[in-house]
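Subject: Structure for you to look over

Hello,

Here is the structure I promised. Please open it alongside these notes.

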Amino acid sequence: MSQTVPTNTLVAALDIGASAIRMAIAEITPAGQIHVLETPAKPVAIGRDVFTSGRISRSTRDEVITVLRGFKQLMDAYQVKLSRVIATSALREAVDRDTFVDWVFVRTGIDIEVIEGIQENQLTFAAVQNVLGDRLAVAEDSLIIEVGGGSTELVILHSGQIVLSQTLPLGAVRLQQRPGSREATAQARRRLFRREISGTVENILRLRDLKRVRFFVALGSDMRFAARIIGQGVEPPPGQVVTLPADRFDAFGQEVSRLSVDELVDRYSMPFADAETLVPAMMIYSAFIASTGADQIVVPMVSIRDGLLLEIAAMVSGRGGSDFARQIVASARATGEKYNYDEKHALHVTMLALALFDELRSHEHQLTDRERLMLEVAGILHDIGMFINTAAHHKHSRYLVASSELFGLRKADKEIIAEVVRYHRKSIPQPTHMEYMSLPRADRVVVSKLAAILRVADALDRSHLQRVKDVKFQRRTDGFAIRVSNVEELSVERSGLAAKGNLFEEVFGMPVVLEEAPA
Amino acid sequence: MRYQPRHFINRELSWLAFNERVLQEAEDPKTPPLNQLAFLSIVSSNLDEFAMIRVGSLRRLVAAGRSGDCPSGLSACQLLDQVGQRMRDMVGRQYECFNRRVWPALVRRGLRRLLPHELTAEQRSHIQQVFDEQVYPLLTPLGIDQQRAFDHVADLTIHILARMAGPAPLAAADEPATVVDKQTPGEHVAVVAIPTGLPRMIVVPASDEHTFVLIEDVVLMHLDRLFEGQKLLETALFRVTRNGDLSVEESRDEDFLAAMSEVLIGRKESEMVRLELAEPASPWAGQTLGRLLEVDDAQIFTIPGPLDLKPFSSLLGLPGLSELRYQPWVPQPVPRLAGDVDVWQAIREGDILLHHPYETFDTVVRLLQEAAADKGVLAIKQVLYRTSGTSKVIAALEQAAANGKQVSVLVELKARFDEARNIEWSRRLERAGVQIVYGLAALKVHAKALMIVRREPDRIRRYIHLATGNYNESTAQLYTDFGLLTCDDDFGADVASFFNMITGYSLPSGWRKLAVAPRGLRNRLLHLIRREIERANAGRNAVIMLKLNSLSDREMIQALYDASRAGVKVRLNIRGVCCLRPGVKGISDNIEVVSIVGRFLEHSRVLYFRNGGQDEVYLSSADWMPRNLDRRVELLVPVESPPLKQRLIESLQTCISDTAKGRWLGSNGKYTRPAGARQHKSSQQAFMELAEQAAKAMAEQTPREFQVLKPPEPE
């Protein structure tokens with residue numbers, strides 16, 4: 001028979017969670033379509049170790065090695081070419097995570113990427129959006145929640161735009177490791193859990209009124225299990241979306257909370273490890289549902305691994321990712337609103353900065369879309385420090401950015417943006433600036449280039465009146481000209497440029513001037 | 001409603017009733033003589049297993065003072081008596097049939113078993129040569145002393161007991177040893193084991209082609225060679241059966257200690273389950289053996305003929321004599337896979353049902369062979385339960401591993417009686433680079449599954465074979481089984497998860513299509529029965545049809561009684577043990593049970609639920625016995641393709657209306673042939689004809705040669 005060369009790529013996505021290691025083996029078509037082949041999972045109690053002692057025990061470490069070796073066998077059966085292995089909250093919090101990661105690498109050749117909560121959020125969100133699409137863009141708020149072993153991921157959207165994104169230190173395994181939880185009676189334990197959960201829910205309520213939530217999306221293996229049981233025990237195919245009436249879910253939660261772990265194992269023919277996390281997870285879900293106005297729960301049969309697969313697919317096929325950028329921007333704007341930013345000014349500066357970025361891309365800076373996105377966020381947030389004080393507001397902006405939960409951005413990304421924001425006025429980067437110097441060299445270059453652009457863009461709207469429109473650019477032997485049609489009106493902007501163009505000249509090797517465009 | 005013990009049939013008695021139906025096939029004058037002999041041999045082999053396992057466990061229960069868990073409520077003690085009587089009667093009938101009908105019929109057609117005194121001088125010298133060259137080196141006579149008698153008399157092996165007189169022999173380590181029987185001064189007693197590695201029938205030159213001497217006679221003729229200087233006073237042939245119920249490892253945790261102590265008590269009290277003594281034997285022989293082996297009279301069976309008829313089935317393979325056998329059956333090609341079609345494409349075009357032995361098992365072998373050689377195949381995973389080292393299946397797997405495929409095989413070493421054989425070929429596979437996983441702790445994997453991962457130009461496909469029978473080419477010629485070939489994605493994902501589960505790589509999660517024992521299968525079955533009950537309660541037509549080998553699980557039987565009372569029509573085709581008592585007023589009026597025993601061993605498990613008109617049909621590896629549903633890994637496989645479903649439904653209907661070979665179970669627990677007009681054609685006959693017709697129709701459709709059409713001549 002004909003044996004044309006297959007062009008699909010075989011990949012694997014693994015995540016090392018608090019209570020289990022899970023994998024998805026999939027093939028990805030050249031068009032970026034994902035076809036999941038296997039989804040094995042094996043319980044390993046990393047969370048139990050880390051949430052009690054802060055470290056991973058020797059026996060758990062050995063178990064991880066055994067499980068990963070087994071998973072490698074399964075990958076070999078499909079001749080998997082590309083794999084990504086992420087680890088979430090449990091490993092993130094382990095004191096000995098670096099030696100652990102190295103231990104695993106040396107023994108299995110598997111390179112674990114310990115991701116941040118916000119990346120976890122982002123991967124999950126990508127998976128959800130992939131199956132729910134427009135259904136998330138309801139006018140009211142929608143909420144996406146995933147209860148894991150070590151953390152609960154929460155994303156709230158308004159009209160399809162992310163307004164809140166949080167990783168909460170609340171997890172089905174973590175709850176059980178609370179001091180006193182093991183020894184308590186079942187009833188006392190539930191009270192303890194409830195208190196802990198309601199405290200966290202109240203914190204969220206301070207940030208956002210959950211009553212506005214109409215569309216409630218829940219993920220996580222415990223929720224998928226609930227969906228399966230409530231839906232007659234048949235496993236919904238992956239990617240399918242199951243809708244559970246909130247009251248049915250509540251009844252299920254009540255029912256399982258009355259059973260011991262052993263009884264759960266018997267009743268539902270479920271693995272012991274899954275039975276252990278079921279009740280605390282159901283309690284967390286229930287608490288959030290009760291605080292919202294949703295009367296049903298939408299359960300997409302997806303997981304963080306689907307998000308990871310989407311990322312891999314985007315990489316393999318070179319497509320996708322644009323909507324994700326849109327969500328990051330929306331999240332940045334929500335943060336701007338929170339600090340009462342001058343929206344018109346912020347967006348205008350951002351627009352000008354991006355225009356400059358695009359103009360300079362081919363010859364001067366050669367940065368990628370990732371840096372462009374960081375510039376966009378920096379443009380939106382550069383003035384939020386004014387919320388604290390106008391004086392030295394660039395420094396206030398810097399720490400607000402660094403300490404905000406910005407959806408889709410890793411800590412390293414946020415550090416770069418924070419520095420760009422910090423240098424949008426006053427001093428330019430100096431070897432004496434500690435935060436700047438603590439960045440890797442490559443990141444320092446990015447900061448300088450983006451700050452140079454942002455300073456020029458900000459100068460162009462120094463009046464906060466958005467008077468600079470329709471800019472054109474021209475490179476000349478004597479410098480870089482920004483041409484506008486109304487230069488006569490723009491004295492404030494011109495002097496601003498004279499003051500803030502210094503970094504631009506230093507970085508790109510040419511002075512920047514503002515001049516009238518020829519008629 | 002609570003059902004009473006009397007609503008159930010005892011498992012052991014039902015088991016014996018099954019063996020009786022096998023015996024009836026031997027007694028049936030319409031069965032050709034060599035096949036009659038084969039049925040008698042099956043009766044023996046069944047009785048061996050029964051004595052070893054069932055009687056063994058009853059004895060242990062009695063010794064431990066427990067009554068057992070049979071839903072019929074009979075105590076182990078009562079049963080032991082009843083069972084012993086029934087076995088005795090059965091052996092009587094079996095040898096009556098052998099001595100009066102089957103053997104004389106075979107002798108009339110030229111078969112000869114010669115006794116030592118019937119041999120000519122020439123035959124004698126031939127036999128002596130055979131003895132010197134092949135038998136003698138294998139003989140290890142055992143001296144007898146009471147303490148070690150247990151250890152030396154091998155299970156299920158024919159032995160000679162000899163009494164002799166003479167000077168007391170010296171027992172040297174490497175010499176045949178006898179020990180003086182202290183009871184009778186001046187006499188010695190010895191035991192000699194008949195070698196098991198040699199054929200039972202030793203052919204001797206004679207004018208009749210098929211003339212032979214039994215190996216025990218050959219040894220008896222030369223016994224003086226073993227005991228020189230002794231005078232043989234008398235000899236007797238005997239065979240022991242030991243308690244073979246080693247099911248402790250399968251037991252649940254909470255029963256483990258109890259079971260373990262039962263084993264310990266059992267070892268002392270009832271190690272010997274049965275002693276068979278061939279006639280003629282003197283009272284001395286019976287008494288001596290009884291005393292030395294610690295068996296009581298109730299355990300001694302005198303056999304009026306050759307011990308152990310099992311090996312006699314080998315006569316079925318004698319050349320010629322075709323008029324003494326069933327017309328040979330040649331398994332037919334599977335229409336959609338006949339000739340040199342691309343098997344992968346054929347499966348892609350739609351699921352394929354295989355019905356063995358009506359359709360050939362070569363299909364499965366060929367699939368494996370093609371997979372081994374196919375460039376696109378990446379991996380093969382398979383469960384091997386009972387297979388043989390010479391199997392083409394094993395060879396194909398070895399080849400696949402040699403060709404660089406990832407081959408993983410789960411070998412179930414706990415397959416009863418086959419442990420040694422399994423270890424041997426699994427080592428061979430390991431050397432070839434196959435990954436071998438030796439089963440799960442405490443759980444026997446009984447499911448039959450094969451997955452071939454194949455990379456195709458457009459995508460990865462997983463070709464799946466799920467079946468009711470083992471991957472064993474020889475039993476596939478005799479056992480009726482169904483297999484399903486599919487490359488459906490949901491099955492692919494489920495079977496992949498299934499292999500990950502049984503190889504320990506992953507915990508099971510949800511199943512898309514399959515139900516898997518020990519988790520979930522029982523509940524799924526109960527759900528399916530209850531759903532049928534709901535339909536009946538809603539006034540709808542509700543039907544359940546089940547084809548199983550055994551039905552002894554109390555909970556499942558109760559569910560079927562519930563169904564019957566709700567008005568669900570329940571039609572059961574249960575080959576062997578059936579603890580369900582049909583036709584009891586107000587309990588099981590709507591249940592009919594038919595058992596088929598024919599030339600092929602009924603082995604498939606097929607389940608049908610009417611489901612309000614949306615028929616559901618399943619294949620399964622599981623019988624409805626507690627151990628299968630709770631302590632084994634078993635599969636329930638839905639068959640969804642409409643034509644395949646239809647075919648399975650029709651096959652069930654054919655079975656439950658087989659008035660030629662079917663026997664109906666009455667509320668009194670007895671199986672009877674249906675009164676009135678009997679069909680001429682049995683269900684097995686019908687399936688053979690169907691397979692032949694289908695293959696023929698296929699052959700006629702396919703042009704044998706391609707004819708090239710010539711272009712019309714220009715005018």
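This is a predicted model: local features need pLDDT of at least 70, side-chain atom pairs count only at pLDDT 80 or more; totals for chains, interfaces and linings use all residues.

B:D48 and B:R239 are both buried (under 20% relative accessible area; exposed is over 50%, partly exposed in between; 1.4 Å probe, protein chains only). Their side chains meet in a salt bridge, 2.6 Å from N to O (a Lys or Arg side-chain nitrogen within 4 Å of an Asp or Glu carboxyl oxygen). B:D48 sits in helix α2 (residues 33–63) of chain B and B:R239 in strand β8 (residues 231–242), 191 residues apart. Helices (H or I, at least four residues) and strands (E, at least two) are DSSP runs, numbered from the N terminus.

Residues are numbered from 1 along each chain as its sequence is written, chains are lettered from A and ligands numbered from 1 in the order written, and side-chain values use heavy atoms, without hydrogens and water.

Over all chains there are 63 salt bridges. Between chain B and chain A the count is 0. The contact (heavy atoms within 4.5 Å) takes 36 residues from chain B and 35 from chain A.

In chain A, A:E255 and A:R267 form a salt bridge at 2.7 Å, N to O. A:E255 lies in helix α9 (residues 246–257) and A:R267 in helix α10 (residues 261–268), so the pair ties together parts 12 residues apart in sequence. A:E255 is partly exposed at 31%, and A:R267 is partly exposed at 41%.

Best wishes
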